[in-house]
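Subject: Structure handover

Hello,

Here is the structure I promised to pass on. Please open it next to this email.

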Amino acid sequence: RHRAVRGVSAWRRLGERASTGEHTKASGARKNAHGCAEMIMRQHLAAALLATTAHALAPITRRHAAAAATATVVAAPPRARAADGVYTSNDGTYSFATPEGFEPKPKPVRTHADEVLYKDANRREIGVVVDRVTIAALGDFGTPAFVGEKVVASERNRDGVTDAFLKNSRAVEKAGRTYYELAYGNASSRGDFRFLSRVAVADGRLYVMTLKARADDTAAEGVLAAVAESFRVGS
């Protein structure tokens with residue numbers, strides 16, 4: 001009988017250890033799932049911002065054209081600058097000032113939910129892209145500094161880029177909405193450029209404005225800073 005009791009107790013201890021082990025595994029699985037979700041979110045941010053700061057403002061290259069060949073081709077409709085010098089999206093969810101001399105440059109292939117590009121004769125560029133996201137606020141991506149470092153890290157991986165640096169990152173409040181502002185630059189085989197980005201999240205969409213100018217174009221800073229200040233998201 002004592003052996004039987006000891007046997008039952010042993011099985012009970014084994015069951016308790018098994019139960020504890022399953023609980024530990026389940027807890028670990030939950031932590032791993034949370035970590036994976038966070039990593040995917042950060043990767044999504046890096047990809048979305050890289051698309052705006054690097055590829056979305058660049059002409060279509062052979063590599064982009066090859067990738068686009070497998071996607072649905074949708075020609076972006078031509079959009080003229082409004083008479084009052086303000087561009088407003090077709091759905092009214094964002095707007096920005098378009099300085100004199102900037103003209104719309106529609107892309108032959110759309111790769112985002114919405115995108116617009118303006119250029120002037122001095123190689124200055126104003127670009128905005130919109131993509132759907134599952135987060136509700138910019139803080140879910142990370143701090144401005146974290147986002148800025150991710151963008152710069154992605155910039156360094158671009159073809160022809162030899163260096164990239166983050167000049168400044170901050171949060172800006174406009175009409176009750178939070179924007180992240182990122183100022184950064186690069187050195188590349190195509191020249192040295194400076195970028196200024198404003199980022200916002202609203203109604204399940206990520207809005208990214210990216211302004212670009214040559215590093216030696218000292219007059220561009222004030223012009224593009226005014227455009228960034230004019231950027232508004234929200235219908």
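My notes follow, from the overall fold down to single contacts.

**Ground rules**

This is a predicted model: local features need pLDDT of at least 70, side-chain atom pairs count only at pLDDT 80 or more, and totals for chains, interfaces and linings use all residues. Residues are numbered from 1 along each chain as its sequence is written, and side-chain values use heavy atoms, with hydrogens and water left out.

**Overall**

The protein has four helices and 10 strands. Both are DSSP runs numbered from the N terminus: helices are H or I with at least four residues, strands are E with at least two. From the N terminus, the order is α-α-β-β-β-β-β-α-β-β-β-β-α-β.

Of the 235 residues, 38% are buried. Buried means under 20% relative accessible area, exposed means over 50%, and partly exposed lies in between (1.4 Å probe, protein chains only). The protein exposes about 13100 Å², and carbon and sulfur atoms supply 55% of that area. Areas come from the Shrake-Rupley method with a 1.4 Å probe; for residues, only the protein chains shown count as cover.

Among contacts with a separation of 6 or more, 56% are between residues 24 or more positions apart. A contact means heavy atoms within 4.5 Å.

**The sheet**

Seven strands make an open sheet, in the order β3-β4-β5-β9-β8-β7-β6. The pairing is antiparallel. Two strands pair if DSSP finds at least two bridges between them. The edge strands, β3 (103-104) and β6 (161-174), each pair on one side only.

Inside the sheet, β8 (residues 191-202) runs antiparallel to β9, and 10 bridges join them. Leu-196 has Leu-211 in β9 as its bridge partner.

Strands β1 (residues 86-88) and β2 (residues 94-97) pair antiparallel over three bridges. Val-86 is bridged to Ala-97 of β2. Five residues sit between the two strands, and Gly-92 in this hairpin takes a positive phi near 75 degrees.

β2 also pairs with β10 (residues 232-233), antiparallel, through two bridges. There, Tyr-94 has Val-233 as its bridge partner.

**Helices**

α3 (residues 144-156) has 13 residues. Its first and last C-alpha atoms are 18 Å apart, close to the 18 Å expected at 1.5 Å a residue. That expected span is 1.5 Å times one less than the number of residues. The buried residues of α3 are Pro-144, Val-147, Gly-148, Val-151, Val-152, Ser-154 and Glu-155. Seen down the axis of α3, they fall within an arc of 160 degrees, so they line one face of the helix. The arc is that of the directions from the helix axis to the C-beta atoms.

In α4 (residues 220-230), look at Val-227. Val-227 counts as buried, at 1% relative accessibility. Leaving out residues up to four places away in sequence, Val-227 touches Phe-96, Ala-97, Pro-99, Ile-126, Met-209 and Leu-211. Leu-211 is 16 residues from Val-227 in sequence, with 8.4 Å between their C-alpha atoms.

**Salt bridges**

A salt bridge is a side-chain nitrogen of Lys or Arg within 4 Å of a carboxyl oxygen of Asp or Glu. The count by this rule is 12. Here are some of them.

- Asp-91 and Arg-205 meet at 3.2 Å, N to O. The pair links distant parts of the chain: Asp-91 is in the loop between β1 and β2, and Arg-205 is in β9 (residues 205-214), 114 residues apart. Asp-91 is partly exposed, at 43% relative accessible area.
- Arg-110 and Asp-114 have their closest N and O atoms 3.5 Å apart. Arg-110 is partly exposed at 23%, whereas Asp-114 is buried at 10%.
- Arg-124 and Asp-217 meet at 2.7 Å, N to O. Arg-124 lies in the loop between β4 (114-119) and β5 (125-132) and Asp-217 in the loop between β9 and α4, so the pair ties together parts 93 residues apart in sequence. Both residues, Arg-124 and Asp-217, are buried.
- Arg-170, Lys-174, Glu-181, Arg-198 and Glu-229 form one network, joined by salt bridges that share partners.

Best wishes
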